Amino acid sequence: MTSVRVINPGMYTTIQDLGRTGYQQYGMPVSGSMDHFAHRVANLLVGNAQNEAVIEMTIMGGTYAFDEDLFIAITGADMNPKLNGKNQIGMWRSVSVKKGDRVTFGAAKKGCRSYLAVAGGFDLPLVLGSKSTYVRGRFGGLEGRILNKDDLIRVKEKKQDNQNLNGRFIPAGDIPEYEKAVNLRVLLGPQENYFTRKGIADFFSFPYKVSKEFDRMGYRLEGKKVEHESSADIISDGIVKGAVQIPGHGNPIIMLADCQTTGGYTKIAHVINTDLWKVAQLKTGDTIRFEAIDISDAHEIFRKREQKILEMIEGFSHKRLKDDKDFKLNINSQSFEVKINEVSSLK
Amino acid sequence: MENYFQIKPVGDCAIAIEFKNEISEEINNNVAALKSSIENAQIEGVLECIPTYRSITICYNPMLISFDELKDGIEKFMNESGSSNETEARVYIIPVCYGGEYGPDLTNVASANNLRHQEVIEIHSSVDYRIYMLGFTPGFPYLGGMSDSIATPRLKQPRTKIIAGSVGIAGKQTGIYPIDSPGGWQIIGRTPLKLFDINREIPILLEAGNYIRFQAIDEEKYREIEKEVKEANYICETESITRGGV
């Protein structure tokens with residue numbers, strides 16, 4: 001039985017797929033990975049369905065041991081992944097690990113969340129159609145909780161097509177940059193008429209800092225207070241991820257994967273789906289600027305991202321990475337260690 | 001009938017249909033009716049609905065359906081159905097053991113309203129409460145219809161843990177805690193039923209648009225039902241009624 005053993009869980013590590021659809025009307029949050037793009041790409045690199053569950057690490061990654069030869073892929077924030085404490089592991093590419101290998105992660109250099117996918121996916125029960133962990137509700141994932149030391153996560157038995165997975169990679173130009181200051185594109189509303197003209201202008205003119213309170217449920221921001229016309233409260237209605245709520249205190253809260261399904265605060269805007277990964281990779285002190293776009297632009301951006309994913313899949317059948325080669329270079333009596341990934345074209 | 005509504009984008013993957021901005025059974029009936037028409041239509045690209053007091057949020061996949069197509073489709077529904085048809089609704093009978101260790105704040109509620117314990121229980125269990133929506137935590141019902149004569153402010157010092165099944169009063173609202181959680185409601189009783197049980201085939205007991213009636217039971221009956229619930233032998237009693245008609 002192939003499995004991944006948790007040697008050290010890291011700071012806040014959970015199993016997530018793309019979320020639990022269909023139960024929001026009963027008050028069940030959707031959950032799912034915070035950065036869908038990195039998650040989907042990790043799965044593609046190891047030949048999984050895009051929705052397969054992966055390990056989501058936050059800020060500080062863990063250590064994982066493998067008891068069989070297996071392909072894995074690491075995407076998202078760079079937590080300095082290493083094989084058996086020594087060699088750097090390449091990200092955004094398929095990696096072959098051997099029986100007994102350990103993969104270790106450190107602190108995120110840039111970004112906040114890292115994803116580890118294993119070929120075949122995790123053999124975990126579906127709870128209401130999903131393997132996503134909802135920690136507050138204590139269900140999904142592995143026993144409804146964050147990963148602990150000594151957990152064994154079973155991997156689905158699947159005949160590995162090594163030839164097919166070997167050397168899969170994402171071209172450098174398609175790997176997202178995790179910046180400390182981001183622009184988030186939003187659609188205004190639906191409660192924009194609860195704010196003064198000044199309030200709306202301020203929201204789009206000033207930068208907002210990520211406060212100390214940020215988690216899978218939402219990110220509380222600090223900055224120029226957004227002024228309400230009179231009331232900050234509405235008759236409770238539905239909340240979806242990306243919603244930017246402004247309670248009476250005037251500071252925005254961006255609702256994310258584990259957000260409650262209903263709420264009674266005014267929502268000034270919604271971050272477009274295609275920009276949510278940017279939020280997922282922010283930490284305390286990082287800054288956000290909001291920019292309004294209209295729905296047809298938002299859908300065009302959405303289509304382009306889906307197109308990009310298709311091109312990546314297409315790319316796997318044309319180009320592969322060959323084995324890394326290490327070189328030592330001496331330039332003006334300074335020495336450099338250089339790793340070169342040769343790309344081969346498949347005919 | 002007046003059937004005012006607005007359709008608005010809620011980000012790029014959801015749309016909201018908002019009825020009149022007030023809490024009333026009539027408007028909530030429109031929400032329930034529209035929700036079932038949307039679900040019955042099985043529109044490609046529509047993922048799920050969140051019905052609330054006076055609005056529905058519909059999540060969709062923009063690769064499969066555009067905002068305009070969805071908006072046109074919903075407008076057509078609204079014009080065709082008028083959503084004033086009479087529909088069947090259920091009343092869930094919720095057994096509650098009032099007072100004592102199950103309802104430590106029954107005394108507060110009684111003294112705040114100059115009533116005897118028994119009077120509070122009779123008032124609380126004499127009404128069919130509308131389930132306007134579910135949300136907040138899995139399976140939490142937002143109920144309407146409680147008598148003002150037992151309204152009581154929240155506890156000044158919230159409890160760190162309220163046991164699942166606890167029935168409480170907060171101001172003019174009454175509700176049931178589906179999972180153990182902190183809270184400041186005046187707890188007047190507890191039901192042995194599980195509003196939320198992830199191991200059950202249908203984890204959520206209640207459905208929005210229907211009703212709840214509390215039925216007073218004694219401790220012995222509480223234990224009996226609790227045992228049946230544990231063994232998955234208890235079926236929540238329901239009554240059929242007609243709602244909505246104009």
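**View 1. Chain A meets chain B through 39 residues of chain A and 43 residues of chain B that are in contact.** Contact here means heavy atoms within 4.5 Å. This is a predicted model, in which local features need pLDDT of at least 70 and side-chain atom pairs count only at pLDDT 80 or more, while totals for chains, interfaces and linings use all residues. Residues are numbered from 1 along each chain as its sequence is written, chains are lettered from A and ligands numbered from 1 in the order in which they are written, and side-chain values use heavy atoms, with hydrogens and water left out.

Between chain A and chain B, about 3,100 Å² is buried, and carbon and sulfur atoms give 65% of it. Buried area is the accessible area (1.4 Å probe) that two parts lose on being put together, summed over both. Look for A:Gln25, A:Tyr26 and A:Ile235: they supply 23% of the area that chain A buries against chain B, more than any other three residues.

**View 2. Polar contacts, but zero salt bridges, link chain A and chain B.** A salt bridge would need a side-chain nitrogen of Lys or Arg within 4 Å of a carboxyl oxygen of Asp or Glu. The polar contacts come to 12 residue pairs, both residues at pLDDT 80 or more. Such a contact is a pair of N or O atoms within 3.5 Å; within protein, one must be able to donate a hydrogen and the other to accept it, and residues adjacent in sequence count only if both atoms are side-chain atoms.

On the side of chain A that touches chain B, strand E15 (233-238), strand E18 (262-271) and helix H5 (295-316) of chain A each supply at least two residues. Helices (H or I, at least four residues) and strands (E, at least two) are DSSP runs, numbered from the N terminus. H5(A) gives the largest share, six residues.

**View 3. An open sheet of five strands in chain A runs in the order E2-E3-E10-E5-E8, with antiparallel pairing.** Two strands pair if DSSP finds at least two bridges between them. Strand E2 (14-16) and strand E8 (94-97) of chain A each have a single partner strand, so one side of each is left without a neighbour in the sheet. On average, neighbouring strands of this sheet are turned by 35° against each other, direction ignored. Axes are lines fitted to C-alpha atoms, for helices over the stretch in contact, and angles run from 0 to 180 degrees between N-to-C directions.

Inside the sheet, five bridges join strand E5 (residues 70-76) of chain A to strand E10 (residues 113-118) of chain A. One pair to find is A:Ile74 with its bridge partner A:Leu116 in E10(A). Helix H1 (residues 36-45) of chain A packs on the sheet, and its direction makes about 160° with that of E5(A).

View 4. Most residues other than glycine have a negative phi, and most peptide bonds are trans. The peptide bond from A:Gly189 to A:Pro190 is cis, with omega near 15°.

**View 5. In chain B, four strands make an open antiparallel sheet in the order E1-E2-E4-E3.** Neighbouring strands here are turned by 20° against each other on average, direction ignored. B:Gln6 stands opposite B:Glu18 in E2(B).
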